[in-house]
Amino acid sequence: MEVVFLKQLEIVKPIEKNTFETIANHEQVMFCNDPATGLQAIIAIHDTTLGPALGGTRMYPYESVDEALEDVLRLSEGMTYKCAASGLDFGGGKAVIIGDPKKDKSPALFRAFGQFVDSLNGRFYTGTDMGTTTDDFVEAYKETNFINGIPEAYGGSGDSSISTARGVIHALEATNEYLFKNNDLGTRTYAIQGLGKVGYKVAEQLLEAGAQIYVTDLNQDVLRKIKTKAKDTNGEIHEVESNAIYSTNADIFIPCAMGAIINDQTIGQLKVRAIVGSANNQLQTLNHAKTLHEKGILYAPDYIVNAGGLIQVADELYGPNSKRVLVKTKAIYRSLYDIYQQAEMDAITTVEAANRKVRSVLDEQRNRNNFYSRKRRPKWNIRE
């Protein structure tokens with residue numbers, strides 16, 4: 001009888017990703033689970049050095065919890081930078097709800113989400129983002145006061161896309177002043193990618209200023225609408241195919257749609273002098289900021305350009321005041337111009353210059369905000 005010895009196979013266990021290592025740069029991450037409503041959400045608080053965390057809630061059918069976690073961590077960190085760069089006394093936070101906004105929403109789900117937000121006792125204020133609406137947060141508002149960006153009928157400040165678009169216009173004026181020594185909008189040409197709530201308003205204002213614009217959008221109705229609008233202005237409009245927008249021979253490219261559109265495939269097509277848009281996370285990687293710098297294309301960091309909406313919803317917590325929002329949003333002009341100058345002086349990218357400014361603000365405030373005070377300071381006298 002022959003005896004056969006089988007060699008024992010060595011079982012290699014996959015290296016488990018340590019969740020605490022993943023969230024190490026964040027103060028707090030809350031997983032929200034409510035089986036009764038189907039709510040599965042993650043709230044990430046990145047940094048509260050400047051004050052309570054502030055950031056919207058997006059709803060998206062993420063393929064996995066890991067994908068949702070990665071998104072909320074990235075977005076919440078970005079809010080810390082945006083708040084600091086805008087001079088707001090708030091920190092960075094964000095929330096994501098896992099689900100299809102077209103079929104998984106319900107009033108009960110958002111009321112359950114509101115209860116989770118309320119349990120943080122003012123460490124996190126939130127409102128609408130991609131996939132959610134003000135109506136959703138009217139429901140959440142029934143369970144917590146830590147909601148912003150609510151309709152005017154409920155004591156809010158209304159449509160924040162108006163302030164976002166106004167901030168983009170101020171950023172364009174600063175860019176024109178820096179590049180062409182004249183901030184007149186009507187003497188330049190612009191290529192606008194996306195005519196959503198913000199992009200459309202930017203296009204309108206540029207046409208009214210007498211500018212020549214090139215536009216692209218998948219929505220044919222909105223394209224017809226902006227063309228009709230152009231007839232009543234001194235401006236001029238040209239429609240281009242979606243992929244052709246990158247190679248348009250304009251002075252400034254204005255991305256107002258998806259993120260990561262400045263990448264290896266598109267960056268070589270660009271003929272513009274500058275990029276100034278409202279889309280979040282326009283650069284696919286930080287290396288693309290260096291490539292733009294080497295190509296001589298001025299890049300306006302998106303978290304400064306698109307801060308107008310954030311300025312409005314943050315200001316709302318002190319009681320809606322449209323004049324105050326106008327003043328704060330106008331400051332985007334000076335902030336961006338200073339970053340352009342600092343980047344030139346230090347021979348670095350504009351992204352590096354903006355990030356240095358943010359880190360300086362955080363370092364300056366870190367000890368000051370930890371200093372004991374008998375009562376709450378005016379900058380945090382906000383709605384609870």
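Because the model is predicted, local features are reported at pLDDT of at least 70 and side-chain atom pairs at pLDDT 80 or more, whereas totals for chains, interfaces and linings use all residues. Residues are numbered from 1 along each chain as its sequence is written, and side-chain values use heavy atoms, with hydrogens and water left out.

In soluble globular proteins, nonpolar side chains tend to be buried together. Here a residue is called buried when its relative accessible area is under 20%, exposed when it is over 50%, and partly exposed in between (1.4 Å probe, protein chains only). A nonpolar core is a set of buried Ala, Val, Leu, Ile, Met, Phe, Trp, Tyr and Cys residues joined through side-chain atoms within 4.5 Å. The largest such core contains 88 residues, and those with the most contacts inside it are Leu 172, Leu 206, Ile 213 and Ile 254. Helix α5 supplies the largest share of this core, nine residues, where helices (H or I, at least four residues) and strands (E, at least two) are DSSP runs numbered from the N terminus. With contact taken as heavy atoms within 4.5 Å, and with neighbours within four places in sequence left aside, Leu 206 touches several residues, among them Ile 169, Leu 172, Tyr 190, Ile 213 and Ile 254. A second, separate core has 19 residues, including Ala 250, Ile 261, Leu 283 and Ala 289.

Ala 289 also belongs to the buried side of helix α8 (residues 287-295), in which His 288, Ala 289 and Leu 292 are buried. These three lie on the same side of α8 because they cover an arc of only 105 degrees around the axis, the arc being that of the directions from the helix axis to the C-beta atoms. An α-helix has 3.6 residues a turn, so residues three or four places apart point the same way. The exposed residues Asn 287 and Glu 294 are carried on the face of α8 turned away from its buried side. The cover over the buried residues of α8 includes β11 (274-275), β12 (298-299) and α12 (350-370). After α8 comes Gly 296, whose phi is positive, near 80 degrees.

Two further buried residues were examined individually. Gly 199, in helix α6 (residues 197-208), is buried with a relative accessible area of 0%. Apart from neighbours within four places in sequence, Gly 199 is in contact with Ile 192, Gly 194 and Cys 256. Gly 199 and Ser 161 are 38 residues apart in sequence, and their C-alpha atoms are 9.2 Å apart in space. Glu 173, in helix α5 (residues 161-180), is buried yet has no salt bridge, and the nearest side chain of opposite charge, that of Lys 330, is 7.5 Å away. In this account Lys and Arg count as positive and Asp and Glu as negative, while His and the chain ends are not counted. Apart from neighbours within four places in sequence, Glu 173 is in contact with Asn 183, Leu 185 and Tyr 333.

A salt bridge is a side-chain nitrogen of Lys or Arg within 4 Å of a carboxyl oxygen of Asp or Glu, and the structure holds 18 of them. In one of these, Glu 143 pairs with Arg 111, the closest N and O atoms being 2.8 Å apart. Glu 143 lies in the loop between α4 (134-140) and α5 and Arg 111 in helix α3 (residues 107-119), so the pair ties together parts that are 32 residues apart in sequence. Glu 143 is partly exposed at 25% relative accessible area, and Arg 111 is partly exposed at 33%. Asp 159 and Lys 201 form another salt bridge, at 3.7 Å from N to O; since Asp 159 lies in the loop between α4 and α5 and Lys 201 in helix α6, this pair ties together parts that are 42 residues apart in sequence. Asp 315 and Lys 328 also form a salt bridge, with the closest N and O atoms 3.0 Å apart. Asp 315 counts as buried at 1% relative accessibility, whereas Lys 328 is partly exposed at 32%.

A search of the whole structure finds zero disulfides, a disulfide being a pair of cysteine sulfur atoms within 2.5 Å. The sulfur of Cys 32 is 20 Å from the closest cysteine sulfur, in Cys 83, and is therefore too far for a bond.
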